[in-house]
Amino acid sequence: MSATISSTSTAEKREPAPPEGPPVTGPSPGRALIGVMEPVHGRLLTSIAVAATAAVLGVAGFALVALALRELLEPVPDPATVFRLLGGALAGLLARFGLRALSFHLSHLASFELEVELRTRLAEHLARIPLGEAQRLGSGAVKKVVQDDVRALHIAVADSVPLAGFTLAQPVAALVALGLLDWRLLLAVLALGPIVMIGMRLATRDYADTRRAYDEANEAINAAVVEFVQGMPVVRTFDDGTSSFRRFATRVHAFTRATAAWQESSRSSMIFSRAMMAPLPALVIILAAGVWLTASGSMSPATLVVALVIGTLPIESIMPLMWLAHHINESKAGAARISALLAIPPLPEPERPEQPADGSIRFRDVRFSYGPDGAGRPALDGVDLDIPSGTVCALVGPSGSGKSTVARLIPRFWDVTGGEILVGGVDVRRIPAEVLLRHVSMVFQDPFLLEDTIAANIRLARPEASDAEVEAAARAAQAHDFIVSELPHGYQTRVGERGARLSGGQRQRITIARAMLAEAPIVILDEATAFADPENEAAIQDAIAELTRGRTVVVIAHRLSTVADADQIVVLDSGRVAERGTHRQLLDAGGRYARLWAHHQRARTWALGSAARAEDPAVTR
Amino acid sequence: MRRILRLMMLAAGSYRREYVRCLQSSLAASVVQAAAYATLIPLLYELTRPQVDEAAAWGWFGAFAACYVAETVLRLYELRFQYSKWADVLAEARLRLGEKLRTMPQPELERRAAGDLSTVVGGNVANATTGVSTLGLLFTQLVTVPAVLGVIIAVVDWRLGLVLAVSVPFAVFFVRRIQRLSGSGFRGIDAADARAADRIVEYVQGLPLLKATGQVGRQSRRLADALHAQGEAMTSMQKRVTWPGLLASSVVQLCLVAMVAVGAALVLGLDLSPALLLAVAAGAVRFAEPLATASAMSQVFELTDAALERVGDVLACRPLPVGAPEARIGRFDLAFEEVSFSYDETPVLRGVSFTAPERSLTALVGPSGSGKTTITRLLTRYADPASGTVRIGGLDLRDLDPAEIYRHVSVVFQDVYLFDDTIRANIAMARPDATDEEVEAAARAANVHEFVSRLPDGYDTRVGEIGGALSGGERQRISIARAILKDAPIVLLDEPTAALDTESEVAVQNAIDALVADKTVLVIAHRLTTVAGADQILVLEDGRITERGTHAELIAAGGRYATMWAAQTRARHWRVPSTAT
């Protein structure tokens with residue numbers, strides 16, 4: 001292996017690894033949760049109030065049933081009183097169920113509206129942050145925040161809010177009612193207080209630690225599942241799956257051990273809460289007091305019936321809360337990620353916008369680092385470039401040398417850390433984003449297509465373009481022929497999800513047509529694009545030739561022969577310009593480029609197996 | 001109901017017996033719980049008598065307390081399964097699913113989206129086992145307690161029992177209705193969610209373009225529409241289940257009031273003693289409680305049901321059969337005999353026949369979609385051909401144990417898969433028993449050693465999730481080192497250098513030269529220069545071999561191959577045109 005190839009240190013080769021999701025640097029999860037609910041705060045408060053009213057009316061209803069029974073126990077019961085009380089009970093219970101349902105209904109509708117609102121806000125914010133930042137997050141991670149994390153709020157908003165109102169009001173109402181009926185029963189039920197407290201404590205004390213431990217194990221197992229499942233189709237092409245299955249099995253067992261350990265540690269509190277936080281033990285206490293008081297004749301048995309009904313409500317209220325606690329934690333984590341994404345600072349828009357004059361590009365001592373606030377290893381370290389309007393500039397260098405960084409800084413995917421970039425003579429920071437992005441077209445390796453018609457996809461670059469203009473762009477991009485002859489509905493054919501119905505080369509030509517239509521004076525091109533589809537190489541190459549005519553072109557080069565005619569070739573290494581000049585000049589200089597060129601010549605003529613077989617005359621051909 | 005029970009047993013796997021025992025103790029606990037509530041009837045009756053017999057009252061209280069203790073003990077026993085066996089059941093279910101994935105026919109594996117399978121093995125199976133261990137028990141309780149209590153009340157006074165019983169069919173009806181409505185509602189929401197997710201991905205990927213034309217945030221019609229449809233789907237589902245939900249949860253409690261009202265009428269008509277009504281009312285309150293819970297939980301039941309269904313679906317998959325698992329490969333020549341293969345009804349190979357002698361180099365060329373990749377895949381028994389036979393060393397692949405096939409075949413494809421583990425582990429995967437020296441020797445031969453020794457931890461550097469931290473060429477070379485270490489006599493190559501840039505390409509080419517020496521090689525190549533020296537070149541078009549021969553023969557024939565060769569010679573000289581001239 002030659003010195004040229006190995007001269008790049010490994011650290012430079014590593015593009016900044018995209019983080020899993022936005023960094024969690026926002027407010028604390030709990031505050032974040034309340035914060036993201038802000039758009040529907042008022043309606044949630046209404047829901048709580050309605051739920052609390054429902055709880056109070058329910059308790060009143062039960063109490064009225066008991067009063068009716070007490071009346072029946074009188075030596076001469078008054079039928080009118082009995083049925084009046086029962087009528088009241090019925091009304092109370094009906095109101096309880098109706099209002100309870102109403103409160104859930106309100107909170108659910110609020111929750112759905114909140115989802116739409118938050119997703120829209122996130123989408124708007126994504127358009128304001130640096131494009132490079134949005135791409136670094138990655139569409140998968142963004143989708144997770146916008147879809148899953150927002151959805152995870154549902155439990156906290158739609159279910160917990162009314163339930164909290166209900167379960168907090170119900171015990172209070174129950175205790176008040178008991179006190180009104182017989183203060184001694186109230187005391188008996190209050191004796192349960194410490195038990196409830198201890199139960200709550202036990203249930204919540206272990207929470208933070210055990211949940212974290214379990215969560216880690218759970219995340220590990222999920223990662224293992226994803227690796228196993230996603231890798232399986234590829235793994236199966238070189239192995240019958242045993243090696244990956246072994247890895248998977250190891251992690252499954254590790255998860256089992258972690259879970260068992262966690263369950264072991266929380267065992268006693270679990271047993272306690274299971275045994276005590278149920279209606280039966282409460283009934284035992286109430287009954288003991290009740291039997292004693294009733295047998296001694298100081299309390300009506302009807303009062304005892306009421307106590308039996310509403311005395312267990314305080315304890316029964318707690319169970320659903322514990323059940324929800326787990327989900328609320330998920331909501332909190334989701335809210336934290338949502339807030340973190342919303343906290344990414346937007347790219348500043350110019351106060352006094354200016355328009356670029358032409359297609360020239362100039363870098364003046366540009367420094368840039370992918371680290372936060374420009375910290376970390378510089379990806380570009382003092383780059384000067386001068387690309388006059390209408391010329392071709394090829395960027396050459398090993399992966400990680402800064403080629404794509406240079407290309408992405410031109411349309412301001414990020415702001416430079418130092419120096420400045422001028423497009424059409426104006427600092428890109430003084431050009432409005434919309435103007436700049438219309439001024440610069442990008443044709444990259446992975447073509448972007450909407451799940452829509454061919455025409456809509458081309459027109460994306462200029463929504464107001466006429467059908468004739470769209471067709472002209474497609475013709476120039478060598479796309480018109482296959483669109484009308486190979487696709488069932490011509491320009492109105494839907495491309496399928498991510499362009500699934502088209503071949504790689506066809507997708508590429510659609511994006512080239514789009515760039516044609518944009519008529520941007522500057523085109524940034526990834527040369528690998530030209531080789532996306534070996535069968536259609538020639539067509540794509542003709543399309544690119546058409547696209548670049550008369551424009552300023554910056555091309556990221558992979559195979560040197562394709563850029564040999566460029567007006568200037570810039571060789572990058574470790575974020576600096578190592579060499580620059582025309583192909584001829586650089587070959588004559590006998591430096592880095594000359595060595596790369598020699599390599600390229602060798603790679604092109606490689607024929608499989610010739611080396612090894614030639615050494616072994618025993619192998620007959 | 002029986003279906004769910006069957007699926008639950010399936011999910012419980014080899015813990016079936018423990019699970020049944022746990023269900024039994026749950027049943028016993030529920031009966032005891034109902035009995036405890038039932039003792040309230042005689043207890044209250046006793047307390048309501050003009051002359052309270054204290055001893056009898058305390059006796060009933062004692063019975064109640066005893067029931068409580070018994071119930072707690074039984075519940076703890078029931079809990080033991082949920083607590084100490086749940087993780088084991090889950091682990092077993094995951095391993096069984098993993099085993100299925102390992103042996104599932106490859107097309108079947110690819111048909112199921114990877115995300116979907118991850119959900120099954122990650123989330124669904126957990127939901128299913130949780131459902132088995134908690135919902136199964138909860139369900140037992142929800143059904144048993146009201147049933148037992150209802151019977152006891154009916155025995156005490158059939159008229160009161162009847163009023164309560166009337167509520168049950170109503171409750172069941174509404175719960176069913178919620179399940180049906182939420183089933184179709186969830187499907188609508190799923191569809192809206194999937195669409196919104198696609199639009200979000202699209203939005204992020206297209207941001208530069210969308211921003212250029214001002215189609216962002218609220219102005220992005222496509223995204224805004226999808227988000228609104230999503231909100232609509234959820235809202236309409238909510239509106240549809242609100243009334244049934246309200247009725248299901250209230251009907252039982254309202255019947256309770258009705259029972260007291262009927263009872264009151266009877267008491268006033270001197271047809272029922274007030275003491276008995278009071279006593280029955282105390283017990284009946286507990287009758288309503290679990291039924292209300294059931295209606296609140298119906299959506300969770302629905303979710304578990306769906307999870308069980310999906311897990312059961314994967315577990316039902318059958319692996320490809322093996323005819324003679326003892327057969328061993330002795331020679332390393334390859335043969336396709338009249339092989340045809342279809343993918344989703346579309347024929348991909350139509351009667352392909354060829355032989356590749358041991359240690360020969362065979363090249364497959366032709367347009368994409370012509371069947372080249374399918375040929376290499378059938379050689380690792382990706383799937384069985386629809387007709388015809390694929391042989392290695394004269395043996396039909398259908399007779400061979402998959403492990404025996406993989407032992408003798410190395411594959412280097414464009415798609416390189418690296419595990420999130422050390423580089424050493426990734427190379428050694430092909431032969432776990434290899435020594436460090438052997439791993440390093442393979443790494444040297446594959447031009448891996450040089451860049452690995454510059455990494456901070458050398459061979460112990462972790463590659464990061466699917467190797468994102470390494471360049472394409474480095475990852476490709478690691479996969480070649482893996483193949484070199486494996487030293488299998490048959491090597492399949494699919495376009496291994498297509499996506500590399502110049503500096504990686506030479507290194508990968510050298511690595512491949514080391515790999516293929518002395519092997520039976522089948523290679524797919526787009527760049528024809530790569531395979532010009534092959535022993536035979538097969539030109540594929542539309543699933544058929546249309547030309548075959550050496551490079552010289554095919555050029556001389558002046559057919560399809562000759563045309564491709566000419567076109568590539570032109571493309572090779574293509575350059576980004578200079579715009580200045």
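Guide: Start with one pair: Val365(B) has Val539(B) as its bridge partner in β9(B). This is a predicted model, where local features need pLDDT of at least 70 and side-chain atom pairs pLDDT 80 or more, while totals for chains, interfaces and linings use all residues. Residues are numbered from 1 along each chain as its sequence is written, with chains lettered from A and ligands numbered from 1 in the order written.

Visitor: Which strands run parallel here?

Guide: Strands (E, at least two residues) and helices (H or I, at least four) are DSSP runs, numbered from the N terminus. Strands pair if DSSP finds at least two bridges between them. Here β3 (residues 361–365) and β9 (residues 536–541) of chain B run parallel, joined by four bridges.

Visitor: What do β9(B) and β10(B) form?

Guide: A hairpin, with two residues between the strands. β10 covers residues 544–549 of chain B, and its pairing with β9(B) is antiparallel, over five bridges. Leu538(B) has Arg548(B) in β10(B) as its bridge partner. In the turn, Asp542(B) has a positive phi of about 55°.

Visitor: How many residues of α13(A) are buried?

Guide: Buried means 20 or more other C-beta atoms within 10 Å of a residue's own, with C-beta atoms placed from the backbone. In α13(A), 12 of the 17 residues are buried, so the helix is largely enclosed by the rest of the structure. Among them are Leu280(A), Ile286(A) and Val291(A). Just after α13(A), Gly297(A) takes a positive phi of about 80°.
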